[in-house]
There are 2 protein chains.
Amino acid sequence: MDSVTPASRPVSGDSSITRVLGVLDLFTPETPVWTVDMLVVRLGVGRATVYRYVRALCDAGFLVPVAGAGYVLGPRFIEFDRSIRLADPLLHIVPPVMAELRDVVNGGQLLCAFYGLRVLTVLQDKTDPNITMSMERGRPFPLFQGSPSRVILAHLPTYQLRNLALNQQAEIAAAGLGENWADFRDGLRAIRRAGYLAASDIDKALVGISAPIFHAPGAVAASLCLVRTREGLTAADEAFLGGVAVEACKRISAELQAFRPGEGAAFPISRVR
Amino acid sequence: MDSVTPASRPVSGDSSITRVLGVLDLFTPETPVWTVDMLVVRLGVGRATVYRYVRALCDAGFLVPVAGAGYVLGPRFIEFDRSIRLADPLLHIVPPVMAELRDVVNGGQLLCAFYGLRVLTVLQDKTDPNITMSMERGRPFPLFQGSPSRVILAHLPTYQLRNLALNQQAEIAAAGLGENWADFRDGLRAIRRAGYLAASDIDKALVGISAPIFHAPGAVAASLCLVRTREGLTAADEAFLGGVAVEACKRISAELQAFRPGEGAAFPISRVR
DNA sequence: TTTAATTTTCTCATAATGCGGGAATGATTT
DNA sequence: AAATCATTCCCGCATTATGAGAAAATTAAA
């Protein structure tokens with residue numbers, strides 16, 4: 001006991017790369033600035049190690065030092081988001097469609113993209129000029145909640161649904177999508193038959209009416225969600241907007257599939273681990 | 001020679017973390033899809049290693065598998081960009097100012113933020129409705145070219161400028177900002193005295209008139225750039241727009257400094273290596 | 001400009017973890 | 001349902017990440 005054990009690491013199961021990338025998750029809108037000392041405490045590693053992590057992330061542009069001390073998220077995220085936007089055919093095709101629909105919808109419109117196990121807003125069309133629409137891109141949706149997610153879910157290939165049912169059955173049950181594979185599958189088939197899904201499960205004051213967008217026959221890429229306030233919305237209104245959404249998505253899908261051969265656009269798939 | 005040497009790595013000087021993060025740089029708008037085999041060739045490492053890299057990046061959401069084979073940039077970049085937008089006080093303050101200026105400028109407006117050694121467009125106000133403004137956020141500017149960059153440069157602290165002059169003298173000379181420290185410093189002082197900078201060095205058909213925005217007295221955070229077509233722009237017009245930019249930036253800076261105490265907003269500094 | 005308080009990098013021995021090659025598993029299309 | 005992929009797992013070896021403290025550089029003040 002006369003000598004301290006040197007160079008013992010915090011024996012975590014994940015790799016060094018995972019630990020470094022995990023640092024970025026700490027930088028949230030609530031806690032946008034982290035100092036080295038804060039990271040030493042939070043990560044439970046030595047100061048030199050934190051400096052190594054931070055330096056690697058700074059060199060890559062994922063962090064930037066701020067005046068005094070501390071770091072914030074860096075410019076590479078902004079650049080990469082632009083890179084994604086430039087390569088995304090949906091962002092070329094959908095805006096004019098949203099502009100056409102604006103008056104008939106008279107509410108809001110969301111384009112939600114499918115990213116493997118995640119669905120997120122990629123584009124929003126404002127009706128209310130007070131709302132800063134640019135803040136919505138990047139808002140995540142739970143996979144099993146909200147009409148945008150669930151209408152995408154409903155059109156996934158069967159074997160992907162089987163995997164989901166096996167690996168995420170707790171979440172599926174919690175979202176009320178069925179206690180077993182048969183319930184889950186049948187519920188989704190009903191959505192598929194209807195062609196669209198109206199739901200009010202995220203914001204109770206709003207109703208979202210979503211239809212799927214396909215990048216190839218039978219392959220969902222995204223969903224268009226028409227948003228209306230719940231009060232005063234009749235069943236007839238809902239059906240009407242459903243038809244509007246389905247028709248718009250049909251056009252978008254057609255353009256998307258015509259667009260694709262020209263460019264190497266590719267769309268994410270779900271891979272359950 | 002009867003046995004191959006096992007487990008020899010591509011003896012590169014940089015760490016594993018740097019190599020993994022470097023993978024992301026390959027995903028550009030020109031080459032948005034990379035397969036594992038392409039990466040094996042490009043990186044010169046084993047297939048198992050590439051799979052390890054790709055898996056770590058997928059787990060972090062920086063890559064997503066696409067149908068068939070291959071990977072594209074993942075949703076985390078979109079989410080992080082949103083996180084940055086939500087934490088950025090400039091994006092709350094500047095849009096209404098840009099709206100006010102729209103008619104008097106009658107051209108374009110750029111808000112360019114300073115990110116250490118990088119300047120990039122963070123917000124754009126359109127005049128021409130044909131231009132998709134959302135694609136401009138994330139466009140990088142060379143540090144020593146363009147009025148947005150150079151007007152920021154002109155207001156950096158002296159010691160930061162000394163560092164730049166020492167470490168980047170080739171780039172500085174190439175941009176015509178002076179062959180030595182004295183020339184460089186005097187040129188920037190002239191910009192500082194004028195209060196704004198008009199230049200036409202990036203797009204020869206356009207003139208950019210930029211003024212600095214401060215997050216604290218003497219601490220530049222960004223610049224506002226008013227853009228006009230060069231033809232038919234008189235010296236008087238230029239001076240007028242310069243005054244408009246300076247006045248607008250003064251207001252923005254005041255709001256920014258009033259805003260700051262309430263929230264933990266922090267602004268990047270330049271750190272030359 | 002010079003000085004003093006920081007923050008950041010460097011040095012080093014140690015052992016933990018990433019590395020390649022090949023087999024086993026898993027997923028997806030016909 | 002079977003065949004063809006893409007992906008993960010296994011394992012010995014050595015490269016390379018690690019913590020503590022010293023040295024250097026950076027920033028803010030005088």
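Chain A contains ten helices and eight strands. Helices (H or I, at least four residues) and strands (E, at least two) are DSSP runs, numbered from the N terminus. The model is predicted: local features need pLDDT of at least 70, side-chain atom pairs count only at pLDDT 80 or more, and totals for chains, interfaces and linings use all residues. Residues are numbered from 1 along each chain as its sequence is written, chains are lettered from A and ligands numbered from 1 in the order in which they are written, and side-chain values use heavy atoms, with hydrogens and water left out.

The C-alpha trace of chain A spans about 80 × 45 × 45 Å along its principal axes. Of the 273 residues in chain A, 50% are buried. Buried means under 20% relative accessible area, exposed means over 50%, and partly exposed lies in between (1.4 Å probe, protein chains only). A contact means heavy atoms within 4.5 Å. Among contacts in chain A between residues at least 6 apart in sequence, 54% join residues at least 24 apart.

Six strands of chain A form an open sheet, in the order 5-4-3-8-7-6, with antiparallel pairing. Two strands pair if DSSP finds at least two bridges between them. The edges are strand 5 (140-141) and strand 6 (197-199) of chain A, and each pairs on one side only. Inside chain A, strand 3 (residues 108-115) and strand 8 (residues 219-229) pair in the antiparallel sense over six bridges. A:Ala113 stands opposite A:Ala222 in strand 8 of chain A.

Helix 6 (residues 147-153) of chain A holds A:Ser149. A:Ser149 counts as buried because its relative accessibility is 0%. The side chain of A:Ser149 reaches the backbone oxygen of A:Gln145 at 3.5 Å. Leaving out residues up to four places away in sequence, A:Ser149 touches A:Val119, A:Phe141, A:Pro142 and A:Leu143.

In chain B, strand 8 (residues 219-229) is mostly covered, with eight of its eleven residues buried. Strand 8 of chain B pairs with strand 3 (residues 108-115) of chain B in the antiparallel sense over six bridges. Strand 8 of chain B also pairs with strand 7 (residues 206-216) of chain B, again antiparallel, over ten bridges. B:Ser223 stands opposite B:Cys112, and B:Ser223 is also the bridge partner of B:Pro212. Strands 7 and 8 of chain B form a hairpin with two residues between them. In the turn, B:Gly218 has a positive phi of about 85°.

The two chains meet through 60 residues from chain B and 60 residues from chain A. Together they bury about 5300 Å², 68% of it on carbon and sulfur atoms. Buried area is the accessible area (1.4 Å probe) that two parts lose on being put together, summed over both. Four salt bridges link chain B and chain A. A salt bridge is a side-chain nitrogen of Lys or Arg within 4 Å of a carboxyl oxygen of Asp or Glu. A:Asp25 forms a salt bridge with B:Arg76, with the closest N and O atoms 3.1 Å apart. On the side of chain B that touches chain A, the elements giving two or more residues include helix 1 (16-25), helix 3 (47-59) and helix 4 (76-87) of chain B. Helix 4 of chain B gives the largest share, twelve residues.

Note on methods
Polar contact = N/O pair within 3.5 Å; in protein donor to acceptor, adjacent residues only side chain to side chain.
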